[in-house]
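Colleague: I would like to learn how to read helices, cores and pockets from coordinates. Could we take one case and go through it?

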Amino acid sequence: MKDIKTLGKLKQSGYQSKSIKDELRDNLIENIKNKKTTFEGIHGYENTVIPELERAILSRHNINLLGLRGQAKTRLARMMVNLLDEYIPVVEGSEINDDPLTPISRYAEELITEKGDDTPITWLHRDDRFAEKLATPDVTVADIIGDVDPIKAANLKLSYADDRVIHYGMIPRANRCIFVINELPDLQARIQVALFNILQEGDIQIRGFKLRLPLDMQFLFTANPEDYTNRGSIVTPLKDRIGSQILTHYPESVEIARTITSQEAKLDERQSSSVYVPELAKDLLEQISFEARESEYVDAKSGVSARMSITAFENLLSTAERRALISGDAKTSVRLSDFVGVIPAITGKVELVYEGEQEGADFVANTLMEEAVKTLFPKYFPKVEKLEKQGEETPYDDLISWFFNGDGFELLDDFNDATYKAKLDEVTPLDALIADYQPEIDPKDVYFEKEFILWGLTQFNKLSKYRYSEGMQFKDPYGSYISGL
């Protein structure tokens with residue numbers, strides 16, 4: 001079809017025009033019939049968002065994706081391009097992608113009247129049929145709809161009453177395309193009003209012109225519900241004209257969150273090959289985001305973006321890589337103490353409530369990490385009961401006694417791998433706990449889990465933990481008190 005260069009040959013080929021909404025619908029139907037995944041790389045929405053989105057496409061609706069930040073709203077919108085036909089014919093030179101068989105602009109109509117079947121056409125690829133606009137308060141009607149261009153009027157020696165002096169905005173230029181407006185509530189109400197006719201009747205109005213362009217478009221909007229109270233809102237008549245509003249959400253399990261993070265994290269190949277990440281470390285990293293979404297210090301209405309886990313994972317590997325470079329290790333494994341390096345990724349991604357601001361961002365980040373350890377600990381090792389009967393044995397008695405009879409235990413940040421492992425091996429009761437409760441553990445994960453036990457017991461007040469500039473110290477919480485009596 002791409003070899004066809006004139007309107008006459010296009011007619012001879014039997015090409016049939018179809019609206020963009022029919023294109024999306026027909027191609028989606030084919031994908032569903034052939035069991036082909038339309039939204040590749042989108043995880044956690046298989047039974048929620050994606051079915052609703054597919055139903056909206058089948059219904060030929062304009063769509064609003066409503067959800068908190070970092071919920072893949074824009075990515076979903078961009079992936080809809082894959083449902084378009086690979087190429088469509090366009091009248092050559094048309095500003096608004098006129099269909100040669102059903103032209104709507106004065107330019108295309110006059111060109112076809114003049115040249116007939118010899119009218120030149122070009123082919124537009126689906127990747128070029130996507131337009132996106134971030135709604136900001138300074139957006140004007142002229143930007144998105146159009147306005148009179150005085151320079152064009154002067155150059156063509158035309159009156160302002162002539163429709164050829166119109167400069168089309170982004171929406172007319174995206175005719176026969178998918179048009180996305182991100183953060184719709186940020187668009188001023190008077191600009192939202194300008195969209196009414198386009199959504200309902202498919203035409204535009206520019207200044208005082210009697211201009212009717214039946215634009216053929218698929219609109220997608222994204223919005224954050226927090227914006228409805230903070231900065232603006234979607235005006236009610238506009239919401240009424242949007243066919244489907246689809247609610248997005250955060251990953252519902254650590255496993256899904258891990259899949260997203262591993263897919264999206266941008267890692268240097270040398271990082272991936274030189275730094276080993278234990279499975280528990282990956283779970284712990286994701287659990288931090290889950291803790292943040294439930295934390296009393298974090299503004300739940302603002303949300304905690306999936307980007308937090310992604311950037312935290314990148315920081316975690318960089319922390320381990322930097323440590324290995326300093327100590328001279330060619331390869332290393334992530335340590336729990338390396339998690340101090342993810343604090344900058346957390347503090348920049350969470351909105352704190354008043355109590356969180358009072359405590360400070362670093363305190364909140366450390367608290368989230370400790371809560372994540374506390375949540376995951378019972379999934380790997382026996383639960384520490386809040387109330388224990390006097391004299392009753394627990395799985396941790398030997399370990400606690402080891403600390404009670406010692407002077408404490410230090411893990412310095414700059415230990416090389418050999419020293420780090422040797423230091424943890426000194427705490428002999430850890431080996432028995434690993435053997436009893438994690439017998440099938442990957443040998444490469446053993447030392448991370450040893451450190452994890454120490455951190456976990458500090459969260460249940462069986463040990464105490466002190467962070468200082470060179471590293472971490474673990475002690476019996478009451479040993480120093482008793483020895484001082």
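**Reading a helix, a core and the voids**

Modeller: Start with helix α23, residues 446-459. Its 14 residues should span 20 Å at 1.5 Å a residue, and the end C-alpha atoms are 20 Å apart, so the two agree. The expected span is 1.5 Å times one less than the number of residues. Helices are DSSP runs of H or I with at least four residues, strands are E runs with at least two, and both are numbered from the N terminus.

Colleague: What should I know about the source?

Modeller: This is a predicted model, where local features need pLDDT of at least 70, side-chain atom pairs count only at pLDDT 80 or more, and totals for chains, interfaces and linings use all residues. Residues are numbered from 1 along each chain as its sequence is written, and side-chain values use heavy atoms, with hydrogens and water left out.

Colleague: Is α23 buried or exposed?

Modeller: Buried means under 20% relative accessible area, exposed over 50%, partly exposed in between (1.4 Å probe, protein chains only). In α23, 14 of the 14 residues are buried, so the rest of the structure largely encloses this helix. After α23 comes Asn461, with a positive phi near 60°.

Colleague: Which residues is Leu430 in contact with, beyond its neighbours within four places in sequence?

Modeller: Contact means heavy atoms within 4.5 Å. With those neighbours left aside, Leu430 touches Leu399, Leu424, Lys450, Ile453 and Leu454. Leu430 sits in helix α22, residues 429-437. Its relative accessible area is 0%, so Leu430 counts as buried.

Colleague: How do I read a nonpolar core?

Modeller: In soluble globular proteins, nonpolar side chains tend to be buried together. A nonpolar core is a set of buried Ala, Val, Leu, Ile, Met, Phe, Trp, Tyr and Cys residues joined through side-chain atoms within 4.5 Å. Here the largest has 64 residues, and those with the most contacts inside it are Val334, Phe339, Leu399, Phe452 and Leu454. Helix α19 (residues 361-380) gives the most to this core, nine residues. A second, separate core has 35 residues, including Ala135, Tyr168, Phe196 and Val235.

Colleague: What is the volume of the largest pocket?

Modeller: The search uses a 1 Å grid over the protein atoms alone. A cavity is a set of points where a 1.4 Å probe fits but cannot get out; a pocket is an open set with protein on both sides within 12 Å along at least five of seven lines; lining residues have an atom within 4 Å of a point. Grid points are joined across faces, edges and corners, and a volume is the space filled by probe spheres set on the points. The largest pocket has about 680 Å³. It has 29 lining residues, and Gly70, Gln71, Ala72, Arg75 and Arg307 are the closest to its centre.

Colleague: How does the lining of the largest pocket divide?

Modeller: Ala, Val, Leu, Ile, Met, Phe, Trp, Tyr, Cys and Pro count as nonpolar, Asp, Glu, Lys and Arg as charged, and the others, Gly among them, as polar. The lining has eight nonpolar, 12 polar and nine charged residues.

Colleague: How many cavities of 30 Å³ or more does the search find?

Modeller: One, in the whole structure. The largest cavity has a volume of about 60 Å³. α15 (279-294) and α13 (254-264) each supply at least two lining residues. α15 gives the most, four.
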